[in-house]
Amino acid sequence: MAKGLRSVFSVGLIVLYLGMLGLHECNQPSVPGVYIFGDSTVDVGTNHYLPASECRSRADFRYNGIDFPHSIPTGRFSNGFNIVDFIAIFLGFKMSPPPFLSLLDKNKQLPKTMTRLLSTGVNFASGGSGLLDETGRQWGKVIPFGEQVEQFATVRNKISELLGEEAAAANISKSLFLISVGSNDILEHFANNSQSGQAYITTLMSTYESRLRNLFDIGAKKFGIISVAPIGCIPLMRNFTQTGVGFEPMNEHAQLFYKALHDMLLKLSSDCKGMMYALANAYNMTEPILKTPRKYGFNEVRKACCGKGNFNAEKPCTPMAHVCKNRTDHLFWDQYHPTQAASYLAL
(Lines give C-alpha, C1' and ligand atoms only; values in the text may rest on other atoms or scores of the structure.)
Protein backbone atom coordinates (compact mmCIF):
# COMPACT_ATOMS: atom_id res chain seq x y z
CA MET A 1 0.00 0.00 0.00
CA ALA A 2 1.31 3.46 -0.87
CA LYS A 3 2.37 5.68 1.99
CA GLY A 4 1.35 9.31 1.83
CA LEU A 5 1.34 12.14 4.33
CA ARG A 6 -1.47 14.04 2.69
CA SER A 7 -0.87 17.52 4.04
CA VAL A 8 1.79 19.08 6.23
CA PHE A 9 2.09 22.56 7.67
CA SER A 10 5.83 23.01 7.20
CA VAL A 11 8.34 21.96 4.58
CA GLY A 12 10.48 20.65 7.44
CA LEU A 13 7.86 17.98 8.11
CA ILE A 14 8.23 16.80 4.51
CA VAL A 15 11.91 16.09 4.89
CA LEU A 16 11.54 14.74 8.41
CA TYR A 17 8.79 12.32 7.37
CA LEU A 18 10.38 11.13 4.15
CA GLY A 19 13.90 11.12 5.56
CA MET A 20 12.89 8.90 8.48
CA LEU A 21 11.32 6.34 6.15
CA GLY A 22 14.79 5.14 5.23
CA LEU A 23 17.51 3.75 7.48
CA HIS A 24 20.72 5.76 7.66
CA GLU A 25 23.94 5.73 9.63
CA CYS A 26 24.77 8.23 12.34
CA ASN A 27 26.42 11.41 11.08
CA GLN A 28 25.20 10.65 7.58
CA PRO A 29 22.46 12.45 5.61
CA SER A 30 18.93 11.11 6.11
CA VAL A 31 18.64 10.23 2.42
CA PRO A 32 21.31 9.30 -0.16
CA GLY A 33 20.45 12.22 -2.42
CA VAL A 34 18.09 15.12 -3.10
CA TYR A 35 16.81 15.86 -6.61
CA ILE A 36 15.06 19.20 -7.01
CA PHE A 37 12.60 20.30 -9.70
CA GLY A 38 10.53 23.41 -10.25
CA ASP A 39 10.76 27.16 -10.62
CA SER A 40 12.59 30.13 -9.08
CA THR A 41 11.42 29.25 -5.57
CA VAL A 42 13.94 26.37 -5.59
CA ASP A 43 16.38 27.41 -8.36
CA VAL A 44 19.99 27.66 -7.12
CA GLY A 45 21.48 29.03 -10.33
CA THR A 46 20.25 27.05 -13.34
CA ASN A 47 19.42 30.13 -15.39
CA HIS A 48 22.89 31.56 -14.77
CA TYR A 49 24.15 28.83 -17.13
CA LEU A 50 21.74 29.76 -19.92
CA PRO A 51 22.99 32.40 -22.40
CA ALA A 52 22.15 35.91 -21.22
CA SER A 53 21.00 36.71 -24.74
CA GLU A 54 18.39 33.93 -24.52
CA CYS A 55 17.24 33.99 -20.88
CA ARG A 56 15.95 37.11 -19.12
CA SER A 57 14.83 35.33 -15.95
CA ARG A 58 18.07 35.77 -14.00
CA ALA A 59 19.34 36.59 -10.54
CA ASP A 60 23.10 36.48 -11.09
CA PHE A 61 23.65 40.14 -10.25
CA ARG A 62 23.47 42.25 -7.12
CA TYR A 63 21.61 42.81 -4.91
CA ASN A 64 20.67 39.15 -5.14
CA GLY A 65 22.92 37.19 -2.81
CA ILE A 66 23.73 40.18 -0.61
CA ASP A 67 23.37 37.97 2.49
CA PHE A 68 24.86 34.85 0.89
CA PRO A 69 28.39 33.98 2.13
CA HIS A 70 30.78 36.59 0.70
CA SER A 71 27.73 38.46 -0.71
CA ILE A 72 27.89 36.50 -3.97
CA PRO A 73 24.96 36.57 -6.44
CA THR A 74 24.61 32.86 -7.18
CA GLY A 75 21.53 32.87 -9.38
CA ARG A 76 19.20 32.30 -6.41
CA PHE A 77 16.19 34.64 -6.45
CA SER A 78 16.88 35.67 -2.88
CA ASN A 79 19.02 37.90 -0.71
CA GLY A 80 20.72 34.72 0.53
CA PHE A 81 19.75 31.08 0.85
CA ASN A 82 16.44 29.71 -0.39
CA ILE A 83 14.31 26.88 0.95
CA VAL A 84 16.28 24.04 -0.69
CA ASP A 85 19.49 25.20 0.97
CA PHE A 86 17.87 24.87 4.37
CA ILE A 87 16.27 21.53 3.44
CA ALA A 88 19.66 20.11 2.42
CA ILE A 89 21.22 21.20 5.71
CA PHE A 90 18.21 19.86 7.61
CA LEU A 91 18.77 16.47 5.97
CA GLY A 92 22.44 16.43 6.93
CA PHE A 93 24.14 17.65 3.75
CA LYS A 94 26.78 20.39 3.92
CA MET A 95 25.17 22.28 1.05
CA SER A 96 22.31 21.96 -1.43
CA PRO A 97 22.84 20.12 -4.74
CA PRO A 98 24.36 22.03 -7.67
CA PRO A 99 22.46 23.01 -10.84
CA PHE A 100 22.45 20.32 -13.51
CA LEU A 101 23.73 22.73 -16.15
CA SER A 102 26.77 23.57 -14.00
CA LEU A 103 27.90 19.94 -14.22
CA LEU A 104 28.07 19.69 -18.01
CA ASP A 105 31.40 19.81 -19.81
CA LYS A 106 32.15 21.93 -22.87
CA ASN A 107 30.43 19.31 -25.04
CA LYS A 108 27.26 19.57 -22.90
CA GLN A 109 27.85 16.07 -21.52
CA LEU A 110 28.11 14.77 -17.96
CA PRO A 111 31.76 13.93 -17.18
CA LYS A 112 32.58 10.36 -16.15
CA THR A 113 34.14 11.39 -12.84
CA MET A 114 31.01 12.52 -11.02
CA THR A 115 29.62 9.34 -9.48
CA ARG A 116 29.39 10.59 -5.89
CA LEU A 117 28.25 14.07 -6.83
CA LEU A 118 25.42 12.84 -9.05
CA SER A 119 24.27 10.23 -6.55
CA THR A 120 23.94 12.80 -3.74
CA GLY A 121 21.64 15.07 -5.72
CA VAL A 122 21.19 17.57 -8.53
CA ASN A 123 19.03 20.68 -8.88
CA PHE A 124 17.10 20.99 -12.16
CA ALA A 125 14.81 23.90 -11.18
CA SER A 126 14.66 26.89 -13.51
CA GLY A 127 13.36 30.35 -12.64
CA GLY A 128 10.33 31.37 -14.71
CA SER A 129 9.39 27.81 -15.65
CA GLY A 130 6.17 25.95 -15.02
CA LEU A 131 4.29 22.73 -15.51
CA LEU A 132 3.39 23.64 -19.08
CA ASP A 133 6.13 23.85 -21.69
CA GLU A 134 4.88 27.25 -22.85
CA THR A 135 5.02 28.81 -19.38
CA GLY A 136 7.93 31.20 -19.04
CA ARG A 137 8.43 31.97 -22.71
CA GLN A 138 8.03 35.66 -21.90
CA TRP A 139 11.48 35.33 -20.31
CA GLY A 140 13.03 33.72 -23.36
CA LYS A 141 14.72 30.39 -22.63
CA VAL A 142 13.84 28.61 -19.39
CA ILE A 143 13.79 24.88 -18.56
CA PRO A 144 10.18 23.62 -18.18
CA PHE A 145 9.32 20.83 -15.76
CA GLY A 146 9.08 18.25 -18.54
CA GLU A 147 12.60 19.02 -19.74
CA GLN A 148 13.86 18.92 -16.15
CA VAL A 149 12.52 15.36 -15.89
CA GLU A 150 14.36 14.48 -19.10
CA GLN A 151 17.56 15.90 -17.61
CA PHE A 152 17.09 13.69 -14.57
CA ALA A 153 16.73 10.66 -16.85
CA THR A 154 20.19 11.52 -18.21
CA VAL A 155 21.55 11.67 -14.65
CA ARG A 156 19.82 8.38 -13.79
CA ASN A 157 21.47 6.67 -16.75
CA LYS A 158 24.87 8.05 -15.80
CA ILE A 159 24.51 6.85 -12.19
CA SER A 160 23.56 3.40 -13.47
CA GLU A 161 26.55 3.40 -15.80
CA LEU A 162 28.91 4.31 -12.97
CA LEU A 163 27.46 2.34 -10.04
CA GLY A 164 25.70 -0.53 -11.74
CA GLU A 165 21.94 -0.85 -12.15
CA GLU A 166 21.20 -2.49 -8.80
CA ALA A 167 23.11 0.07 -6.74
CA ALA A 168 21.73 2.96 -8.82
CA ALA A 169 18.14 1.76 -8.36
CA ALA A 170 18.63 1.46 -4.60
CA ASN A 171 20.15 4.93 -4.38
CA ILE A 172 17.37 6.58 -6.38
CA SER A 173 14.55 4.77 -4.58
CA LYS A 174 15.77 6.07 -1.21
CA SER A 175 16.48 9.63 -2.39
CA LEU A 176 14.13 12.59 -1.95
CA PHE A 177 12.52 14.21 -4.99
CA LEU A 178 11.53 17.74 -4.05
CA ILE A 179 9.20 19.68 -6.36
CA SER A 180 7.93 23.28 -6.19
CA VAL A 181 6.11 24.35 -9.34
CA GLY A 182 2.81 25.87 -10.51
CA SER A 183 3.02 29.53 -9.48
CA ASN A 184 4.19 30.76 -12.88
CA ASP A 185 1.48 28.80 -14.66
CA ILE A 186 -1.17 30.60 -12.61
CA LEU A 187 0.48 34.02 -12.95
CA GLU A 188 0.60 33.68 -16.72
CA HIS A 189 -2.93 32.30 -16.88
CA PHE A 190 -4.21 35.64 -15.62
CA ALA A 191 -2.10 37.45 -18.17
CA ASN A 192 -3.53 35.34 -21.02
CA ASN A 193 -6.92 34.36 -19.55
CA SER A 194 -7.33 31.59 -22.12
CA GLN A 195 -9.31 29.01 -20.08
CA SER A 196 -11.80 29.01 -17.24
CA GLY A 197 -10.23 28.51 -13.83
CA GLN A 198 -11.19 24.90 -13.15
CA ALA A 199 -10.48 23.79 -16.71
CA TYR A 200 -7.01 25.30 -16.51
CA ILE A 201 -6.28 23.64 -13.14
CA THR A 202 -7.37 20.32 -14.68
CA THR A 203 -4.90 20.86 -17.52
CA LEU A 204 -2.12 21.59 -15.03
CA MET A 205 -2.90 18.49 -12.97
CA SER A 206 -2.91 16.26 -16.04
CA THR A 207 0.57 17.49 -16.91
CA TYR A 208 1.76 17.25 -13.30
CA GLU A 209 0.57 13.66 -12.99
CA SER A 210 2.26 12.69 -16.23
CA ARG A 211 5.62 14.10 -15.10
CA LEU A 212 5.39 12.39 -11.71
CA ARG A 213 4.64 9.08 -13.42
CA ASN A 214 7.71 9.64 -15.59
CA LEU A 215 9.86 10.09 -12.49
CA PHE A 216 8.32 7.08 -10.76
CA ASP A 217 8.91 4.90 -13.83
CA ILE A 218 12.64 5.64 -13.73
CA GLY A 219 12.99 4.88 -10.05
CA ALA A 220 11.79 7.81 -7.91
CA LYS A 221 9.82 6.70 -4.86
CA LYS A 222 9.94 9.50 -2.26
CA PHE A 223 8.30 12.79 -3.28
CA GLY A 224 8.21 16.01 -1.28
CA ILE A 225 5.85 18.43 -3.01
CA ILE A 226 5.28 22.10 -2.21
CA SER A 227 2.01 23.60 -3.40
CA VAL A 228 1.37 27.19 -4.51
CA ALA A 229 1.44 30.00 -1.95
CA PRO A 230 -1.08 32.92 -1.95
CA ILE A 231 0.55 34.50 -5.00
CA GLY A 232 -2.18 37.12 -5.22
CA CYS A 233 -0.45 38.71 -2.21
CA ILE A 234 3.06 39.04 -3.66
CA PRO A 235 4.27 42.67 -3.95
CA LEU A 236 3.86 42.59 -7.73
CA MET A 237 0.14 41.91 -7.39
CA ARG A 238 -0.34 44.43 -4.57
CA ASN A 239 1.11 47.02 -6.92
CA PHE A 240 -1.23 45.74 -9.64
CA THR A 241 -4.34 46.30 -7.49
CA GLN A 242 -2.97 49.71 -6.36
CA THR A 243 -4.83 49.33 -3.06
CA GLY A 244 -2.44 47.17 -1.12
CA VAL A 245 -4.88 44.27 -0.85
CA GLY A 246 -4.13 40.99 -2.56
CA PHE A 247 -5.54 39.92 -5.91
CA GLU A 248 -8.11 37.41 -4.69
CA PRO A 249 -8.91 35.63 -7.99
CA MET A 250 -5.28 34.52 -8.14
CA ASN A 251 -5.40 33.33 -4.53
CA GLU A 252 -8.53 31.35 -5.33
CA HIS A 253 -6.64 29.62 -8.13
CA ALA A 254 -3.82 28.79 -5.72
CA GLN A 255 -6.34 27.12 -3.41
CA LEU A 256 -7.93 25.24 -6.30
CA PHE A 257 -4.45 24.10 -7.30
CA TYR A 258 -3.78 22.68 -3.84
CA LYS A 259 -7.07 20.77 -3.66
CA ALA A 260 -6.57 19.30 -7.13
CA LEU A 261 -2.96 18.39 -6.32
CA HIS A 262 -4.03 16.75 -3.06
CA ASP A 263 -6.60 14.60 -4.87
CA MET A 264 -4.26 13.74 -7.75
CA LEU A 265 -1.49 12.59 -5.41
CA LEU A 266 -3.90 10.42 -3.46
CA LYS A 267 -4.95 8.64 -6.65
CA LEU A 268 -1.44 8.45 -8.08
CA SER A 269 0.04 6.93 -4.92
CA SER A 270 -2.67 4.28 -5.04
CA ASP A 271 -1.78 3.43 -8.65
CA CYS A 272 2.01 3.53 -8.15
CA LYS A 273 2.87 0.87 -5.60
CA GLY A 274 5.78 1.89 -3.42
CA MET A 275 5.32 5.62 -3.94
CA MET A 276 5.63 7.75 -0.80
CA TYR A 277 4.82 11.44 -0.66
CA ALA A 278 4.26 14.43 1.57
CA LEU A 279 2.45 17.55 0.36
CA ALA A 280 3.20 20.93 1.93
CA ASN A 281 0.30 23.38 1.84
CA ALA A 282 2.22 26.57 1.10
CA TYR A 283 -1.00 28.60 1.12
CA ASN A 284 -1.85 27.67 4.70
CA MET A 285 1.79 28.05 5.71
CA THR A 286 1.90 31.65 4.46
CA GLU A 287 -1.55 32.95 5.34
CA PRO A 288 -0.99 33.28 9.11
CA ILE A 289 2.20 35.28 8.47
CA LEU A 290 0.29 37.71 6.27
CA LYS A 291 -2.40 38.14 8.93
CA THR A 292 -0.20 38.41 12.04
CA PRO A 293 3.33 39.13 10.80
CA ARG A 294 4.83 40.30 14.10
CA LYS A 295 4.03 36.94 15.68
CA TYR A 296 6.47 35.42 13.18
CA GLY A 297 9.14 38.10 13.42
CA PHE A 298 8.18 40.22 10.39
CA ASN A 299 7.34 43.92 10.25
CA GLU A 300 6.77 44.19 6.50
CA VAL A 301 4.75 41.64 4.50
CA ARG A 302 3.41 43.82 1.68
CA LYS A 303 6.43 45.57 0.21
CA ALA A 304 9.42 44.05 -1.53
CA CYS A 305 12.82 44.56 0.07
CA CYS A 306 14.55 45.07 -3.30
CA GLY A 307 12.87 47.04 -6.07
CA LYS A 308 11.49 50.46 -6.91
CA GLY A 309 8.20 52.35 -6.80
CA ASN A 310 4.86 51.49 -5.27
CA PHE A 311 5.28 48.65 -2.75
CA ASN A 312 8.89 48.67 -3.95
CA ALA A 313 7.51 46.42 -6.70
CA GLU A 314 6.87 48.58 -9.75
CA LYS A 315 10.38 47.76 -10.92
CA PRO A 316 12.34 44.52 -10.37
CA CYS A 317 15.36 43.98 -8.16
CA THR A 318 18.39 45.23 -10.12
CA PRO A 319 21.73 46.82 -9.25
CA MET A 320 19.92 50.19 -9.44
CA ALA A 321 17.11 49.19 -7.08
CA HIS A 322 16.32 50.42 -3.56
CA VAL A 323 17.20 47.78 -0.94
CA CYS A 324 15.69 47.73 2.53
CA LYS A 325 18.08 48.00 5.46
CA ASN A 326 16.60 45.24 7.62
CA ARG A 327 16.14 42.24 5.39
CA THR A 328 15.28 39.93 8.26
CA ASP A 329 11.94 41.62 8.95
CA HIS A 330 10.68 41.50 5.34
CA LEU A 331 8.65 38.57 4.05
CA PHE A 332 9.40 39.35 0.40
CA TRP A 333 12.77 39.90 -1.19
CA ASP A 334 11.59 41.17 -4.59
CA GLN A 335 8.41 41.34 -6.65
CA TYR A 336 7.84 37.59 -6.35
CA HIS A 337 10.16 35.79 -3.97
CA PRO A 338 10.57 35.31 -0.21
CA THR A 339 13.56 36.55 1.74
CA GLN A 340 16.09 34.21 3.25
CA ALA A 341 14.37 34.75 6.61
CA ALA A 342 11.03 33.65 5.16
CA SER A 343 12.58 30.57 3.55
CA TYR A 344 14.11 29.56 6.86
CA LEU A 345 10.78 30.00 8.62
CA ALA A 346 9.16 27.52 6.20
CA LEU A 347 11.04 24.75 7.95
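# Burial, packing and disulfides in a predicted model

Q: Why is C272 called buried?
A: C272 has a relative accessible area of 6%. Buried means under 20% relative accessible area, exposed over 50%, and partly exposed in between, with a 1.4 Å probe and protein chains only. The value of 6% falls under the cut-off, so C272 is buried.

The model is predicted: local features need pLDDT of at least 70 and side-chain atom pairs count only at pLDDT 80 or more, while totals for chains, interfaces and linings use all residues. Residues are numbered from 1 along each chain as its sequence is written, and side-chain values use heavy atoms, with hydrogens and water left out.

Q: What makes R156 count as buried?
A: Its relative accessibility is 10%, and the cut-off for buried is under 20%. R156 therefore counts as buried.

Q: Where is R156 found, and which residues does R156 touch?
A: R156 belongs to helix α4, residues 145–163. Helices (H or I, at least four residues) and strands (E, at least two) are DSSP runs, numbered from the N terminus. Leaving aside residues up to four places away in sequence, R156 touches E165, A168, A169, I172 and I218; contact means heavy atoms within 4.5 Å.

Q: Why are α4 and α7 called roughly parallel?
A: Helix α7 covers residues 197–217, and the angle at which α4 and α7 pack is about 5°, with axes 10 Å apart. Axes are lines fitted to C-alpha atoms, for helices over the stretch in contact, and angles run from 0 to 180 degrees between N-to-C directions. Angles under 35 degrees count as roughly parallel, over 145 as roughly antiparallel, 65 to 115 as roughly perpendicular and the rest as oblique. An angle of about 5° is under 35 degrees, so α4 and α7 are roughly parallel to each other.

Q: Which residues make that contact?
A: On α4 they are F145, G146, V149 and F152, and on α7 they are Y208, R211, N214 and L215.

Q: How do you know that β5 and β6 pair?
A: Two strands pair if DSSP finds at least two bridges between them. Strand β5 (residues 222–226) and β6 have 5 bridges, in the parallel sense. K222 has M276 of β6 as its bridge partner.

Q: What makes β6 mostly covered?
A: In β6 (residues 276–280), 5 of its 5 residues are buried. M276, A278 and A280 lie on one side and Y277 and L279 on the other.

Q: How do you know that C305 and C324 form a disulfide?
A: A disulfide is a pair of cysteine sulfur atoms within 2.5 Å. The S to S distance of C305 and C324 is 2.0 Å, and the torsion about their S-S bond is about -95°, so the disulfide is left-handed. C305 is in the loop between β7 (300–304) and β8 (306–307) and C324 in the loop between β9 (322–323) and β10 (330–332), so the pair ties together parts that are 19 residues apart in sequence.

Q: What is the handedness of the disulfide of C306 and C317, and why?
A: Their sulfur atoms are 2.1 Å apart. The torsion about the S-S bond is about 80°, so this disulfide is right-handed.

Q: How do you know that C55 is in no disulfide?
A: The nearest cysteine sulfur, that of C317, is 16 Å away, and a disulfide needs sulfur atoms within 2.5 Å. C55 is therefore in no disulfide. Its relative accessibility is 1%, so C55 counts as buried.
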